[in-house]
Amino acid sequence: MPLRFPILLVFIVGLMPVFGQQPEATRYFNLAPGATFSNVQDLGMSPMIYKGIGSQLELSVHKTKKAAFQSWELILEYGALKPKFTSRKADRLNAQINYTVLWEFLKDTTDRFDFRLGGSWLSQCPTLIHRGYSNNNFNFTFMSSLGPVGYVEIPIPLLKREWTIHGTFHLPLIAITERPSFAYAAPEGYFDYEEGKEVRDFVESLELQTLNKFIRLKTRIGLAYPLFNGNRLEVGYNWDFYSVNTIKENRVSGGTHGLYFMTQFNF
Amino acid sequence: MSKWLFIVLLGWATVGCERIAFKEEPANDPIGNFEYMWQTLDQKYSFFTFKNINWDSIYQVYWPQVHTDMTTRELYDLLADLLFELRDGHVNLITPFDLSRNWQWYLDSPENFNFSNIERNYLGPDHEITGPLRNHFIDSVGYVYYGSFGSGIGSSQLDYVIRKFKDMKGLIFDVRNNGGGSSLNVDLLVSRFLDQPRVLGYERYKIGPGHDDFSEYYPREDQPEGDEQFLKPIIVLTNRSSYSATNDFVMKMSALPHVTILGDTTGGGGGVPYFSELPNGWRFRFSTTQTFDVDTFNVENGIPPDVRVNLTKGDEIQGRDTIIEEALQLLQ
């Protein structure tokens, strides 16, 4: 396991992948259902690690123009997780809204690979709804972050078609987060709750975080197959990990592994 | 070859290793379950200082009794005894076979409530049941019994009841044996008895693991709402089983100039319960906040009445409710 970290550092420093393979302008609308497996430990809710399978659905648009690639993603997730020693479950819900922009950084002249570098804005709100609690059953972690992105793409000729394998690595460096408070169902900004002032309370509860209290790693590796009509099919694996430690004794950490099958419609 | 090696490394590097960020789970044995419960309460329970509870000393008493070959029932009994020390109706251990509790705050006191007498001799067969509000005229006074703040009240139901009694000399609002429920129903009800926005109490929250790590005091302000208000004299009837959200209701009503609290001290329960769970799957809940009235009196142990009246046995045998009779006298 420790050997993975130097590999990850190589990606941060030098690897820059992008989703758009062709140099001319292209646009894809993508639909990607998938299956997930999640591990979550929310110490504000329980000392136990909750695990379980679930599903995800991604709706995204990829646009390549000149040397820049842009991606807008909406990802919805649901799973039912349980701890080791009981059958009582917690429902895991999550919605992600992500934006990525990448520029060509290094392209091998023999077309062995293509590296891109850029930045991404990632937002999500993974939530565990504990089925056995009353007052504090809604355990959420809102996070919105900015950071660099690396992408690598490698063409693979196979079965008389040009497949591509690509990998993406996000490393947010700065984020705003929000969690329920130390021993109450709502964040601290809601302590002076007034009806109709929920937006004010939400904003007041946001905290600015950096790597010492907030870590998120998001990676994807996919194998794409071009269809004769300009559309593409892709199968892949993604991993999304976060750890937020803004409230003493109430750290939350989670990792979701997903397998997806994507249909990319060229428009 | 190097391309394929690179692809393999790419795949390997992107696979998850999130377990290194997780804290080690407590052991699922009697010791692990005891330690986790004791520690969680130590960090998050809100009444150690107020109730003068030495939680460290209690640990020294119970820890020697924990051993790895305890039966499930033995562990439950020990943890239940541990929680009993907190003297808090909002503290429970919830298992598939039993619910631990400390209800001495009402079991050690007179009941001061006989609903059979109320239903037969005050509500009568023609009383109305407007949602959760059982209501009737008694002489020139309105009488309402509300049995649980867990039962929601609709705005139109409140409008109806208030309109029904608007020409009466006053209103008796009986919340005896109302063990609590939703604070939303408390706010809804109180808003119908207000002449203007008022601060009716304060609350503070545990924000850290120290026994006295609390937030500042946050005022609880209520506003008049709804189409109908009742601003004539109101007498709220209470007993020791008026607990939790009912305690909140009584606290807010006691701050109003046209309200008198009559009966016995309420049961208290000023802390909002917060849930957690043990490694073996048992859940437990405990108080993590504190509530204060407008005079910053901590209402955890109950709110004393303005007029203390107990049900007498003689009256009860004759079908009379001493507390209602006293309320009627005050309103005449």
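**Close-up 1. Ile53(A) and what sits around it.** Leaving out residues up to four places away in sequence, Ile53(A) touches Thr36(A), Phe37(A), Gly79(A) and Ala80(A); touching, or contact, here means heavy atoms within 4.5 Å. You'll find Ile53(A) in strand E2 of chain A. Helices (H or I, at least four residues) and strands (E, at least two) are DSSP runs, numbered from the N terminus. Is Ile53(A) buried or exposed? Ile53(A) is exposed, with a relative accessible area of 64%; the cut-offs are under 20% for buried, over 50% for exposed and partly exposed in between (1.4 Å probe, protein chains only). In space, Ile53(A) and Gly258(A) are 9.5 Å apart, C-alpha to C-alpha, although 205 residues separate them in sequence.

A quick note for every view: this is a predicted model, where local features need pLDDT of at least 70 and side-chain atom pairs count only at pLDDT 80 or more, while totals for chains, interfaces and linings use all residues. Residues are numbered from 1 along each chain as its sequence is written, chains are lettered from A and ligands numbered from 1 in the order in which they are written, and side-chain values use heavy atoms, with hydrogens and water left out.

**Close-up 2. Chain A as a whole.** Chain A has 2 helices and 14 strands. Of its 267 residues, 55% are buried. Take the contacts in chain A between residues at least 6 apart in sequence: 65% of them join residues at least 24 apart. The accessible surface of chain A is about 11,500 Å², with 66% of it on carbon and sulfur atoms; such areas come from the Shrake-Rupley method with a 1.4 Å probe, and for residues only the protein chains shown count as cover.

**Close-up 3. Where chain A meets chain B.** Here 61 residues of chain A are in contact with 47 residues of chain B. The size of an interface is often given as the accessible area lost when the parts come together. For chains A and B the buried area is about 5,000 Å², 64% of it on carbon and sulfur atoms; this is the accessible area (1.4 Å probe) that the two parts lose on being put together, summed over both. How many salt bridges are there between chain A and chain B? The count is 1, and the partners are Glu25(B) and Lys84(A), whose closest N and O atoms are 3.0 Å apart. To count as a salt bridge, a side-chain nitrogen of Lys or Arg must be within 4 Å of a carboxyl oxygen of Asp or Glu. There are also 17 residue pairs in polar contact between the chains, both residues at pLDDT 80 or more. A polar contact is a pair of N or O atoms within 3.5 Å; within protein, one must be able to donate a hydrogen and the other to accept it, and residues adjacent in sequence count only if both atoms are side-chain atoms. Elements giving two or more residues to chain A's side include helix H1 (4-14) and strand E1 (26-42). The largest share, 5 residues, comes from H1(A).

**Close-up 4. A charged pair inside chain A.** Side chains of opposite charge can pair when their charged atoms come close. Lys218(A) and Asp240(A) form a salt bridge, with their closest N and O atoms 3.7 Å apart. Lys218(A) is in strand E12 and Asp240(A) in strand E13 of chain A, so the pair ties together parts 22 residues apart in sequence. Both residues are buried.

**Close-up 5. Two charged pairs in chain B.** Arg192(B) and Asp159(B) meet in a salt bridge of 2.6 Å, N to O. The pair is 33 residues apart, with Asp159(B) in helix H7 (residues 155-165) and Arg192(B) in the loop between helix H8 (183-190) and strand E6 (198-205). Both Arg192(B) and Asp159(B) are buried. Asp264(B) and Arg308(B) make another salt bridge, at 2.8 Å, N to O.

Close-up 6. Arg176(B) lies in the loop between strand E5 (170-174) and H8 of chain B, and is buried with a relative accessible area of 0%. Its side chain joins that of Asp321(B) through a polar contact of 2.9 Å. A side-chain oxygen of Asp321(B) also reaches to within 3.0 Å of the backbone nitrogen of Ile323(B), at the start of H11(B). Among the buried residues of helix H11 (residues 322-331) are Ile323(B) and Ile324(B). Apart from neighbours within four places in sequence, the contacts of Arg176(B) include Tyr145(B), Ile323(B) and Ile324(B).
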